[in-house]
Amino acid sequence: MTMTPRLARLSFYVPAVLYLAVFFGYPLVANVVMSFQDYTVTSFYDGGAPFTGLDNYAEVFGDELFSTTLWNTLVFTVASLAFQFAIGLGLALFFRRHFPLAGVLRALLLLPWLLPLLVSGTVFRWLLDQDYGVLNHVLLNLRLIDDPVPWLVSPDHAMAAVVIANVWIGIPFNMVILYGGLTSIPPGLYEAAALDGAGAWQRFRHITWPLLRPVTSVVLMLGLVYTVKAFDVVMVLTQAGPADATQLLSTWSYQLSFTQLHFGQGAAVGNVLIVIAMLFALVYLRAVRREQAGR
Amino acid sequence: MPARRSLATAAATAAVLATVPGCGLITAQTGPNTLTVADYYTAEPGNTALTEILRACGEQTGVTVVREVMPRSQLVPKLLRDGAAGTLPDLVLSDNPDLAKLASTGALLPLDGRVDTEGFYDSVLAAGSYQGELYGVAPGVNGLALFYDRAVFAEAGIEPPTTWDELRAAAAALTEGSRYGLALSAIGTEEGTWQFEPFLWGAGAELTDLDSPQAVTALTFWASLFSDGSVSASALNWQQSDVAEQFVGGHAAMMINGSWQLAALDAEEELDYGVVPLPTPNAGDRPATPLGGETWAVPRGERQEQAVELLDCVLSPDHMYEWARLRADVPAHPDVAERLVGEQPDLAPFVASAPSAEARTVDLGTGYPAVSQAISTALQRVATGQLDPAEALARAQREAADAS
Amino acid sequence: MSIPRATAGARRLGLTLLALLIVGVLLFPLYWMFNASLQPSHELLSIPPRWFPDHPTLDGYRAAFDSQGRHLVISLFVACGNVLITLALAAPLAWALAKFRLRYAALLLFVLLIVQMLPGIVKANSLFELYSELGLLNNTIGLMFAQSTLSVPFAAVLLRAQLREIPTEVVEAAALDGAGAWRTFLRIVVPMSRNSVITAGLFAFLFSWADFLFAVTLTSRDAITPVTVGIYRFVGANATDWNALMASAVLASVPAAVLLVVAQRYISVGLTGGSVKD
């Protein structure tokens, strides 16, 4: 049972690396290759798909929809991340305090995660409906609006609607991980600060925020990764409409592939998505490295 | 240590579940002499009807039939993957506009002379053909008609509309409070396009020429229903099942919908409705409805002969009758259709339009999906006021041309 | 503390009430799902909306019970399997990334982030081809591995951030005592970071429980499909049984909700342990 130290070290990460190669490397390479091919329905059956160089990318970048979807993806991602994170952090701080039932209530907040998106998306479709939705009903009764808001069917509001739903889905994730980060901050620091007369804001500013930094960057990075490729929630709520108002790179990629059957173009859009995420991942890693160097 | 204990618990649970005898949690086995059928009839009544008919025909032809049921949006992707992996099912039941793309892969068996389609409606056979060869046969088809609430019409003292002008006037007159005059689907998918096609074809336009003056006329009329306030803006997000729910809930005096809704509507005891053919631009025109419904196809493979035998049984008059009765489809054979109208009079307008119904893929083949997408997007751009009909259709024509 | 006990108690109760309010608002969509599971589809479209089912019906639950029992068992089995696979692969990897000073650690971390960007449909399509070669289609073990692609990179990134906080001296001390790398890892590192290990496991469970895409792509036989796919059964080609769909969603939430509350207790134990120590 004894291993040489070198072998033991290898055994920690080699299985995972092999796993990554099979389960991620293979699909990634396949997707990149496909984006350089004229891949059609026939290709699936007879395997033949001529290479066409950069044609798919030229088609995609030249499409009137490209700039729209890029902008939509940016708005959707930034808005979702900002609200998810802010609300998640607020809740994590709140549940950090000790009071009866805190644990159970906090656990219940994870429930939205369990629902298949078909279900939560459908419920949001009902809640946001212009004529019989609960949200408009409540807002009208509170006199916050004069006319029902066409949340899902007006190009001006549809993006707000999908962001609302996506924020709701993302809050539990942000809350749980930030809460985990908060619990690892030694309470002694707060007690010492309280003795020094630091107020709640000062304690947050000088203790919580700096010590939470590593967790914050992980949450934002993972949140970004999930938000940029969000797909189901948009498909259930608005089918990327009305009139492409909520068309994201992810939904467009799907439509190109499986509605219009231009698999090469769909793959190309998917790769654009991956490149965007790569840029953000590089930013994240630079931040991590600077942090490590600072220690 | 909690972490390890929970790990151990999870491991134990998994181990116990895996070893419960007969539980079969790892794989699903199929016996020999089994035919697999891929379809999307997940919900009732289609689900039970299909299972029953396949069971009966399986007994008759001496095979066991296993269904692979999946959500509608997953069927084509699954079949393409299956084609690539060489694991195609023995029979496929797909939406008829999807048949062209499946047939274009070369994976399907031509059915001419293999199954008995003697006397079927020409329109049904046209919808199952790709490049002049028959690849798909439907036991029943469906189309669109105008459903109206008898009580509301009686109260207002008006007759169901037969022309576009009457439709617009009636829809405006019957819009009141929380009730709209008309409900239809304008969703950004094929469902929205399919509901618009009767207007498009009614005006004399073609799918191959989306920016023709006729097409602009059709879209201008269609959009007027929205600008009058007779159709809810929410229609942009309604599938046809949502449209039916609006109608049943009393939120619309009329709706455009398909025959498959008849069974569900009949179950609503408080609802007294009538069905008439879709209004046309001028009195006396023939309604031009698209031909809808699912079609059977047989992928090439080792068991193709058995599959054809099974399909022949499904298409026999008695099973065709049973199928159409349960699903409220129009049977593919005029004689069977006539028999069924005797039992279900509401089906009459659908049967009347079946011979002249147009298959969506006849002119376009595999180019249809791109055109469909362009049309539904144009509908939404106009209904939301982003573009006027002529601009939207010009852009749609450009998009459709780009994509093909 | 100078605050009298009674006042502190009242403040805590106030916090609980506030928490109940927050949970109520955030979980309102779930209430609406429950509400919908008890009424006929078209009553959902009432104006004004019906806050309670006027004519409650259990038809939806009857339909759901009849069809979903088997799928729930499959979901549970697959989700537990995924937790095991995820922790077995991600925890050692995270430890290696956190403390081994690997030359390519940064690159590996980058890869872990990037791979999560792969659109699900791309992974599903490729795995389908791979699995059909390997005979792993319609196989729950195959499904577990496919779903683990959702949680392994996630858990590795999350755990790495937490494991870095473990003081190197602790590990060095164990090494001096002659413990091997694995022994140190299992006996010292994992217990010390049990909260984050449980959190990672919990998320692995949830990812798996909510997965639809892999399930629908890699399993097609009814006997082997998880409950997310089972729920789609009520979305028909032409009509939708919302009532039964929502009822089965409620049923599918119950076992997982119980698990959440149970796992929550472990996290609380870790928490109080930590505060007592300081």
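Let's start with chain B, which in this predicted model has 17 helices and 13 strands. How compact is chain B for a chain of 404 residues? Its radius of gyration is 23 Å, close to the 22 Å that the globule rule gives for 404 residues, so chain B is as compact as a globular protein of that length. If you follow the C-alpha trace of chain B along its principal axes, it spans about 65 × 65 × 50 Å.

Now look inside the chain. Of the 404 residues in chain B, 55% are buried. The contacts tell you about the fold too: take those in chain B between residues at least 6 apart in sequence, and 73% of them join residues at least 24 apart.

Next, turn to where chain B touches chain C. This contact takes 42 residues from chain B and 42 residues from chain C. Which elements of chain B each supply at least two residues to that side? They are α1 (2–19), β2 (64–69), α3 (72–85) and α10 (240–248). The largest share, 9 residues, comes from α1(B). By residue type, the side of chain B that touches chain C divides into 23 nonpolar, 15 polar and 4 charged residues.

Chain C also touches chain A. Here 76 residues of chain A are in contact with 73 residues of chain C. On the chain A side, the largest share comes from helix α1 (residues 5–34) of chain A, with 16 residues. The residues on this side of chain A divide into 59 nonpolar, 11 polar and 6 charged.

Definitions and conventions:
Residues numbered from 1 in each chain as written. Chains lettered and ligands numbered in written order. Predicted model: local features only at pLDDT ≥ 70, side-chain atom pairs only at ≥ 80, totals over all residues. Contact = placed C-beta atoms within 7 Å. Helix = DSSP H or I, 4+ residues; strand = E, 2+ residues; numbered from the N terminus. Nonpolar A, V, L, I, M, F, W, Y, C, P; charged D, E, K, R; others polar. Rg over C-alpha atoms; globule rule 2.2 N^0.38 Å. Buried ≥ 20, exposed ≤ 12 C-beta atoms within 10 Å, placed from the backbone.
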